[in-house]
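Hello,

Here is the structure I said I would hand over. My notes on it follow below.

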Amino acid sequence: MKKLQLILLVLLIHNCLFAQRKEAAPVAALIPLPVAVSMTADTFFITANAAIGNAPALQQETKLLQEYVHHATGHALPVQDNGAIVLQLDSSVVKQPEGYQLHITPAQIKITGHDAAGVTHGIETLRQLWRPKGAVLVVPGGLITDYPRFSYRGMHLDVGRHFFSVDFLKEFIDKLAYYKLNNFHWHLTDDQGWRIEIKKYPRLQSVAAWRDQTMIGHKKELPHRFDGKRYGGYYTQEQVREVVAYAAARHINVIPEIEMPGHALAALTAYPSLGCTGGPYKTAQFWGIFDDVFCAGKDSTFLFLQDVLEEVIALFPSSYIHIGGDECPKVRWKACAACQQRMRRENLPDEHALQSYFIRRISDFVKSKGRHIIGWDEILEGGLAPGATVMNWRGVDGAVSAARQQHHVIMTPEDDLYFDHYQSLYLAEKPTATGYTPLEEVYAYEPLRAAADTSLLPFIAGIQGQMWSEYLPDEAQARYMIYPRLQAMAERAWSPQTVTDYSNFTQRLEMQTGAAPAAPYNEIRYSADSIAKGRIYISLRSHLPGAVIRYTTDGSQPDGNSKISDGKSILLQKNTTVKAMLYVSGKPAGRLFQQSFLVHKATGAAISLQEAPNRFSSNAATLVNGIEGTHRYNDEQWTGFSARDLHAVIDLGSVQTVTQLGANTLNYHWQKMWPPVSLQFEASADGVHYQRIAVTDSFPVNGINRARWTIAPLKARYIRVTATNKGVIPPGEYVAGASSMMLIDEIIVN
């Protein structure tokens, strides 16, 4: 006992003496924000003489802490009895699974976990707290009590479209651990490549893992362009074990995804007998949904997939095995004799029921191995397999449906948590998928809003961010797209529901990662504050503290002498291009902001629609707000109609002379966006008697078609616009049989 007291006294004296030579540690920013934090003026110094207490039940966690300290300082901390850094388990002190308590005094760092995962989370918080000072880590004193809001906190990475090295995966896993995410969803197979070694089927490595070339530019651009370079790769089973073990050491579960029955073109290229037509097939070179899928009528398909899953299950200890289940066209099944025979034999009413049969059969096999399936919410089609967990990505209806059937749901909504969407509307952004999901929107996501019925809440297991890799040609672009949206999602998944201060989050983010005046989340944005007849009021803003916004409205480049935006509305009364630049400490920072506004006779006018829009913007006023939608269609300006026409009446407020008319429409067949069959303008002075004044059925541009007419002057108060929807996408076109989308913006009257 005297020996123990002497050791503690020496350590206390050491830290106190060291504190006299070094300043106290600054209080670090923490992400995700803990449940309770109480910081003190105390400081602990991790020096070469610090030791970790011997904890036989936490050897893996002890080794992890040693690795972190060695990486930060070069020191190899010893492990000995009565070390000053204590790791321990005590579920009576920390009652919540994965919870921890971190207590830092001048003499000791103590991490108490409910379980080993909780201890690891405490170590990650300690990492966020310490600050290097030479060869010493300076740690501020305090008491932190913390535990997760959701048990499932995940991040997805698609390696099928673009392949990432094992080193990058380890770096990615390190970030997951740092921000207390506990599931890595590894999307291993798709139409564009098969990325996991399956020893029983060597052509999956030699054929399915490779494609002849890769599309460059955006899918919506026609003609498609390609780089002409063979591309591919796969992870050996030894590499898979290495990644799984690396994640497990950080208490991260790795969930493999083997796509079925759709997104199977790469596998069919290697083994064409698994498809309905027998091929030949070719690994996809561009992005999208393809009609060729695994044949549901052949028993050989199921034998192949069971063999694959047998090897996958042996590599991954995860209780979850993801089988995809999304975006499976039924075109081939409808024409396949074997599939139709299967439907008759199993008394299946349609191809959706056949998909359910497919999923149930695979689910039964996975359950026979002691595991459970996860699938995207399309696995609800035709009925949900018993015990399945649903990843809900399309709205909230699937989540509610699954929860009502008492299935667990992981919220993965496309609008909020798909990180392949643009995070900035600046046209300088590199091409990426559709959608606009800025950091602020990710942070504002509230998963429990999905369940209006509170009885469903226990079935929401957690949330997950998605990183699809169609437009991630290299690791640098992957990092740019993933971070810091991952950090925002991680805080939503871990921190209490009451933690909602976005400004505080970005302050902590920048304290961790450094000042970021050029980061997309700090860039200048505008808002249309109000729109009246002949007037648009806008304001400019940035989240960057202390930044000054200088702007022009005459088309010139802003400089240090340009007007300063003070947050008040800027009045625009004619067609204007606003340009603006952030200034930090008197110097320009970041990219130039530029936005055009149209002020015409219909701007701000009353508009009524016969049928409400049901795609993209749902606000009819968007059609006449003076802001044109861009070719990226993700700017909340396009008003969309699926399975319905546009019938709009614009009231100019009084009888006026009209000489010009126009409207914009989008034509991107590869995004299911079709222009109208016809676009017609009519005019009326009294709102009863209309005359047709302009009509077109020609929309030749792949992109924005700008229909414009100069007409003989006429008197009108009301302008009626009719656009007829294409309806069902015809055979031979992308996703034939689906409903086309008709996007309109802006309707112009002058």
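**Second largest pocket**

Helix H14 (439–444), strand E23 (525–532), strand E29 (587–597) and strand E36 (703–724) each contribute at least two residues to the lining of the second largest pocket. Helices (H or I, at least four residues) and strands (E, at least two) are DSSP runs, numbered from the N terminus. The model is predicted, so local features need pLDDT of at least 70 and side-chain atom pairs count only at pLDDT 80 or more, while totals for chains, interfaces and linings use all residues. Residues are numbered from 1 along each chain as its sequence is written, and side-chain values use heavy atoms, with hydrogens and water left out.

A pocket here is an open set of points on a 1 Å grid over the protein atoms alone, with protein on both sides within 12 Å along at least five of seven lines; a cavity is a set of points where a 1.4 Å probe fits but cannot get out, and lining residues have an atom within 4 Å of a point. Grid points are joined across faces, edges and corners, and a volume is the space filled by probe spheres set on the points.

The second largest pocket holds about 950 Å³ of space. It is lined by 36 residues, and Leu 425, Tyr 526, Phe 593, Gln 595 and Asp 635 are the closest to its centre. E29 gives the most to this lining, with five residues. By class, the lining has 14 nonpolar, twelve polar and ten charged residues. In this scheme Ala, Val, Leu, Ile, Met, Phe, Trp, Tyr, Cys and Pro count as nonpolar, Asp, Glu, Lys and Arg as charged, and the others, Gly among them, as polar.

**Cavities**

There are three cavities of 30 Å³ or more. The largest cavity has a volume of about 50 Å³. Its lining consists of Gln 423, Pro 438, Leu 439, Pro 484, Arg 485, Pro 520, Tyr 521 and Arg 525, which divide into five nonpolar, one polar and two charged.

**Two helix pairs**

Helix H8 (residues 299–315) packs against helix H11 (residues 351–368) at an angle of about 40°, with the axes 11 Å apart. Axes are lines fitted to C-alpha atoms, for helices over the stretch in contact, and angles run from 0 to 180 degrees between N-to-C directions. H8 and H11 are therefore oblique to each other (under 35 degrees counts as roughly parallel, over 145 as roughly antiparallel, 65 to 115 as roughly perpendicular and the rest as oblique). In H8, Asp 299, Thr 301, Phe 302, Leu 305, Gln 306, Leu 309 and Glu 310 meet Tyr 357, Phe 358, Arg 361, Ile 362, Phe 365 and Val 366 in H11, where contact means heavy atoms within 4.5 Å. The contact of H8 with H11 has eight nonpolar, two polar and three charged residues.

Helix H4 (residues 166–178) and helix H15 (residues 475–482) pack at about 15°, with their axes 12 Å apart. H4 and H15 are therefore roughly parallel to each other. Phe 168, Glu 171 and Phe 172 of H4 make the contact with Glu 475, Ala 478, Arg 479 and Ile 482 of H15.

**Backbone details**

The peptide bond from Ile 31 to Pro 32 is cis, with omega near -5°; Pro 32 is in the loop between helix H1 (2–21) and strand E1 (36–46). The bond from Leu 222 to Pro 223 is also a cis peptide bond, with omega near -5°.

Regards
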